Amino acid sequence: MSVATQTAASTVAATLSGRRRDRNVGSLVFLGALWSSLFFGVMVLVALIVDTAIAGSPRFDLNLLTQYESTIRKDETGFRAGILGSLWLMGVTALMAIPLGIAAAIYLEEFATKTSRFNRVVEINLQNLAAVPSIIYGMLAVAIMGLLGYNYKGIVLGGAMALALLILPVIVITTREALRAVPDEIRQGSYALGATVWQTTWRNTLPSAVPGIATGTILGLSRAIGEAAPLLILGLATVRFDPTGVESKVTALPMQIYNLSSAPQLDFQVAASAAIIVLLVMILGMNALAIFIRNKFQRSW
Amino acid sequence: MPASPPDLSRRPRPGEQVIKAVLVLSAGASILITFGIIAAVIEPALHFFEEVPFGQFFATEDIGSREYRPAVLPLLVGTALTTVIALALAVPLGLGAAMYLSEYASPRARKWLKPTVELLAGVPSVVYGFFALFFVTPVVLQGWFNLEVNFTNAWAAGIVLGVMIIPTVASLSEDALSAVPMALRQGSYAMGANRMQTTLRVVLPAALSGVAAAIVLGLSRAVGETMIVTMAGGAVKNMSVDPSEPHMTMTAFIAITAQGENPVGSVSYNMLFAVGLLLFIITFIINAISIAFVRRFRQAY
């Protein structure tokens, strides 16, 4: 390429990006406004983390993780029950929501006739469910627990049910996107060898979509671990023991943070700040894992 | 969409029929959940209206009994007030962030900036509530801005709620803006417009229905959010529109009342579901509007 062609090409490129005419006061102010709106949220996030970490710093010790909540020794109060409770809730939620969500997504993506009425109703329904306030799922779980005959609802089963209902739409939507990203050639190759739709899905499509599904599922679970509103409705109260099964009473880390934030003693507020950092570490850890999986296993076809 | 393969094998596959049935049922579960929610909420709500006339429910202040406090209008005022504050913050900032990400940021910068903004949505609402209560009100509002605000007030709740829904508005708006075809932008640049003019006069109008969907979805999130408004918004039914006073929202009412002693079947227990039903109907309508907007913007190109 000659120098002249190169210059001409770069001039055209610069004109076509509009960058050339950005240098007046109005557009610079506009650009500044866009920048600040992008960084406002990030600044708040940083302020939140720094402020909470400073407030909770006196309590970064092992007692925080190993002790139960104590009203007598406030400076040694811990979140063992909440952390274990959150992990239990997480596990049972995953068992309930993941198989159901993936199955629904497989049907909608691989089997359903896109134009059928059933399909359209399910689709609109899922979009709506994704935006139903989480507190409503708590009320639904209360009603189901009532039907199942549990008098005391603050147990693992009830909490996990509410959280599973909450993250089901998230899992369905992300699984569908992961399946949709698998190119059709892979399916057609499998059909050409005589495989049925299910064989194709199970042996070809699904394995290719696993990273995407895992990413979405982890993000859904990290949302569930921070949720408090439905658990509040279900009556998860303070407990001072480890959960042992799906019918044992349980508390969760967000619930403990909520309860302690209304306690007047300063020691409890410090402990709550430290617990927030624990919760954020768990959630950011899950988010990081999701991003890692996406980056590591993402394939371009 | 998989092309349906020709039926080469005539062998019946009963196992696959069972699998397909399971998948259909899983997809249908979303419809079941919706009906479950409606049934679970409507039944106690109907009992409530058998005992309490509509006039008392839609009253401006609680009249009559000590056991239950039926007025719902102050809750609507509280919800509207915090939602308006939240949107006043989240719409300009979210839209600004979206415009920067879609029109100005390089693909590499976008790859990092978008997940960072979305981290804001990953912070649990109970953490935001704690932040509003112990940082935004005492340090920012009372300290920096010297406002005469209560310990709990609609300002802090609304502002933090706004921060929480920035990613909702930003992410969906960015999708809509990015979906605008390049040819429109290049046409604008060729006419001599700069990037600000192109963004505001060409890209934004072209993506308007998608942006509207993003805003409406943010609105629905703000109406349904529970923990922030419960912790930082206050527990007082208040008809005034002064944001420096405490205001109870619909979700806060449900959360706070659910924590008290409400024997199943009592009027105060049923009142929860009446308010829950109202909340569900309101968010359902808002979501339907948002989905309709998304439809329109998808069809445009």
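Tutor: Let us begin with a word: buried means under 20% relative accessible area, exposed means over 50%, and partly exposed lies in between, with a 1.4 Å probe and protein chains only. By that rule A:Arg176 and A:Glu109 are both buried. Please keep in mind that this is a predicted model, where local features need pLDDT of at least 70, side-chain atom pairs count only at pLDDT 80 or more, and totals for chains, interfaces and linings use all residues. Residues are numbered from 1 along each chain as its sequence is written, chains are lettered from A in the order in which they are written, and side-chain values use heavy atoms, with hydrogens and water left out.

Student: Why is B:Ile38 called partly exposed?

Tutor: B:Ile38 has 31% relative accessibility, so it counts as partly exposed. Its place is in helix H1 of chain B, residues 14–51; a helix here is a DSSP run (H or I) of at least four residues, numbered from the N terminus.

Student: What makes the nonpolar surface patch with B:Ile38?

Tutor: B:Phe35, B:Ile38, B:Ile42 and B:Leu46 make a patch of about 360 Å². Patch residues have over 30% relative accessible area and no salt bridge, and nonpolar side chains (Val, Leu, Ile, Met, Phe, Trp, Tyr) are joined within 5 Å, while like charges are joined within 9 Å.

Student: Why are the side chains of A:Arg176 and A:Glu109 said to meet in a salt bridge?

Tutor: A salt bridge needs a side-chain nitrogen of Lys or Arg within 4 Å of a carboxyl oxygen of Asp or Glu. For A:Arg176 and A:Glu109 the N to O value is 3.0 Å, so the pair qualifies. This pair links distant parts of the chain, with A:Arg176 in helix H7 and A:Glu109 in helix H4 of chain A, 67 residues apart.

Student: What makes B:Glu103 and B:Arg185 a salt bridge?

Tutor: Their closest N and O atoms are 2.7 Å apart. B:Glu103 lies in helix H3 and B:Arg185 in helix H7 of chain B, so the pair ties together parts that are 82 residues apart in sequence.

Student: Why do B:Glu103 and B:Arg185 count as buried?

Tutor: B:Glu103 counts as buried because its relative accessibility is 11%, and B:Arg185 because its relative accessible area is 6%.

Student: How do you know which spaces are cavities?

Tutor: On a 1 Å grid over the protein atoms alone, a cavity is a set of points where a 1.4 Å probe fits but cannot get out, and its lining residues have an atom within 4 Å of a point. There are 3 cavities of 30 Å³ or more. The largest has a volume of about 60 Å³, and its lining includes A:Leu100, A:Leu168, B:Ser26 and B:Ile33.

Student: Which residues line the second largest cavity?

Tutor: B:Lys114 and B:Glu174 are among them, together with B:Leu101, B:Val117, B:Glu118, B:Ala170 and B:Ser171. The volume of the second largest cavity is about 40 Å³.

Conventions: Accessible areas come from the Shrake-Rupley method with a 1.4 Å probe; for residues, only the protein chains shown count as cover. Helices (H or I, at least four residues) and strands (E, at least two) are DSSP runs, numbered from the N terminus. On a 1 Å grid over the protein atoms alone, a cavity is a set of points where a 1.4 Å probe fits but cannot get out, and a pocket is an open set with protein on both sides within 12 Å along at least five of seven lines; lining residues have an atom within 4 Å of a point. Grid points are joined across faces, edges and corners, and a volume is the space filled by probe spheres set on the points.
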